[in-house]
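Thanks for coming. I will take one structure today and go through it piece by piece. Please have a look at it first.

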Amino acid sequence: QVQLVESGGGLVQPGGSLRLSCAASGIIFSGYAMGWYRRAPGKQRELVATITSSGSTNYADSVKGRFTISRDNAKNTVYLQMNSLKPEDTAVYYCNANQVRGFSTRDFWGQGTQVTVSS
């Protein structure tokens with residue numbers, strides 16, 4: 001059974017920082033690209049950051065320079081360090097694990113963790 005469990009969300013003031021964690025089980029973690037997505041109230045889910053199995057990263061323009069995604073394959077965990085947080089970063093943040101092999105795709109999601117940026 002595959003599980004992705006996010007943690008680290010909460011309430012933070014503008015300009016503050018949070019670090020999200022996503023612990024994976026039931027998959028060979030090192031073989032998956034991992035990502036963070038978010039859904040703000042009334043909006044569609046959007047990509048925040050991804051990291052490939054080899055460590056290449058990609059970021060949404062809105063978070064470049066403020067957020068950093070990283071992974072620890074020994075701990076089966078992916079992180080999202082969020083600095084200089086803005087009210088518009090308020091959303092539910094979801095962890096994703098994705099693997100494409102030929103015509104086969106495996107895609108898993110966590111339950112989400114709420115991040116609220118407010119004074």
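Cys-22 and Cys-95 form a disulfide, with 2.1 Å between their sulfur atoms; a disulfide here is a pair of cysteine sulfur atoms within 2.5 Å. This is a predicted model, in which local features need pLDDT of at least 70 and side-chain atom pairs count only at pLDDT 80 or more, while totals for chains, interfaces and linings use all residues. Residues are numbered from 1 along each chain as its sequence is written, and side-chain values use heavy atoms, with hydrogens and water left out.

Back to the cysteines. A search of the whole structure finds 1 disulfide. The link of Cys-22 and Cys-95 is left-handed, at -80 degrees about the S-S bond. Which parts does the pair tie together? Cys-22 lies in strand 3 and Cys-95 in strand 9 (residues 91–101), so the bond joins parts that are 73 residues apart in sequence. Strands, for this talk, are DSSP runs of E, at least two residues long, numbered from the N terminus. Cys-22 and Cys-95 are both buried, meaning under 20% relative accessible area with a 1.4 Å probe, protein chains only; exposed is over 50%, and partly exposed is in between.

Strand 1 is joined to strand 3 (residues 18–25) by 5 bridges, and Val-5 has Ala-23 as its bridge partner in strand 3.

Last, the core. The largest nonpolar core has 30 residues, and those with the most contacts inside it are Met-34, Trp-36, Val-78, Leu-80, Met-82 and Tyr-93. By nonpolar core I mean a set of buried Ala, Val, Leu, Ile, Met, Phe, Trp, Tyr and Cys residues joined through side-chain atoms within 4.5 Å. Leaving aside neighbours within four places in sequence, Met-34 is in contact with residues including Leu-4, Ile-69, Val-78 and Cys-95, where contact means heavy atoms within 4.5 Å.

Note on methods: Two strands pair if DSSP finds at least two bridges between them. Helices (H or I, at least four residues) and strands (E, at least two) are DSSP runs, numbered from the N terminus.
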